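The entries follow in the order I made them.

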Amino acid sequence: MNKKNFYLYTASFIARNVATGAFLAIFNLYMVETHLSENFLGLFLSVGNMAMCLAGIPIGVLCDRYLRYKKQFLISFTIGLSMCLFMEATILNESLLILISILYGACFIGLTNLNNVYLIELKLGNCQNIIVKNKSIGMAAYCVGTLLGGINSQLFSAGTMGGYRISLSIAAGIAVLSCVPLFFLSELYNDDKVEEDKSNSDSRGALKAVFREMVIPAGAFLCFGFAMLLNSYINLYLKDRFELDSVEISVFLILIQLGISFVVFVSAKYSLLKFYSKISFLTILLFIAFGCVKIETLPINIILIVLLFGVYNTLIPGLMESMITAIPSEYRNRSVSVFNMLYNLSESLGIYICGILLFSANYQMIFLTSFLGSAMGMLGVYLYNQKREGRL
């Protein structure tokens, strides 16, 4: 049953990431084409992230309380996310777009929380680093979506608002199709039931122990979220700094995502997470940040961005998997919600700041700010490793 669920869930996950990749590849370009205010894009993206922060914990508690209905939660959040994509592709009213961004953020964080916990529960045999491997699969699907979004935007009235809108609607349609495999999932819980007769004192004591375990990695997630500030703006960064058109941007986004996916996959396959924790990441990240600031050659800049986000996308899922496996099942969803809330809270601030820096062409400060967040996040990873090894 686990294998069947795993394949069905992976099919849905791939389709959803194809849709997201196609959508996000051109959405920022579409928003600029609509002549909405420049500051609105940063506000729109940061409000969505803030919604993730505020909705994450209530959704996590709800999912923990009603474990038997996880399938229904997965379907509901996926449908909600798909509808948001359709509305974002057709509505131009700023107030309505803000409301849609809030709903999208709530659905997205619900799926993110469920994804990490569900993967741990589906873990087959001695499969290690399943969240990191899932991340690499998602990024490969994201690449396919990016290519699809770029091609469609050129096929339908190239580079115009109408062409972008058709391409975004196709992406939303793929997101709707990602719901189909979820209807065929088997019962998600068999013997991992939560006992209802636990005393309040035992429950409170266990919860306090969980939150003590979470303190240091929570600080790391808070810092890494801020360090990822360029993540939502890579397409505009390539357009503004290197003056690329939508097709060229799509090609380079694919290369970036494939490169990041390869780094993440190799890291998971060869269990490099422990190796990563023992080498000087700060030196690597400082080199990358310095290179992105000083080197304006496009190919080298692409390589450095791949390395930068490859490091992030290996560390963050690896840290998440390590934490989930250390937390009792009845507290996993709310615990993951706390991590994601902190991550998205700092990412929201980073997105807003990055929008201002990008539109003022202050590329140097973007990468220096990213390095600062990386340094603090790596300190948290180091302290967490020391704690787990009994040295702290």
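I looked up Phe-221 and found it buried (under 20% relative accessible area, with exposed over 50% and partly exposed in between; 1.4 Å probe, protein chains only), because its relative accessible area is 2%. Phe-339 is buried as well, at 0%.

I noted that the model is predicted, so local features need pLDDT of at least 70, side-chain atom pairs count only at pLDDT 80 or more, and totals for chains, interfaces and linings use all residues. Residues are numbered from 1 along each chain as its sequence is written, and side-chain values use heavy atoms, with hydrogens and water left out.

Next I searched the whole structure for aromatic pairs and got 13. Rings of Phe, Tyr and Trp (its six-membered ring) pair if their centres lie within 6.5 Å; planes under 30 degrees apart count as stacked, over 60 as edge-to-face and the rest as tilted.

One of the pairs is Phe-6 with Tyr-7, edge-to-face at 5.8 Å centre to centre and 70° between the planes. Tyr-7 counts as exposed, at 55% relative accessibility.

Phe-221 and Phe-339 make a stacked pair, 5.0 Å centre to centre with 25° between the planes. Phe-221 sits in helix α7 (residues 200–227) and Phe-339 in helix α13 (residues 332–359), so this pair ties together parts 118 residues apart in sequence. Helices here are DSSP runs (H or I, at least four residues), numbered from the N terminus.

I also found one aromatic cluster, formed by Phe-23, Phe-27, Tyr-30, Phe-40 and Phe-44.

Notes: Helices (H or I, at least four residues) and strands (E, at least two) are DSSP runs, numbered from the N terminus.
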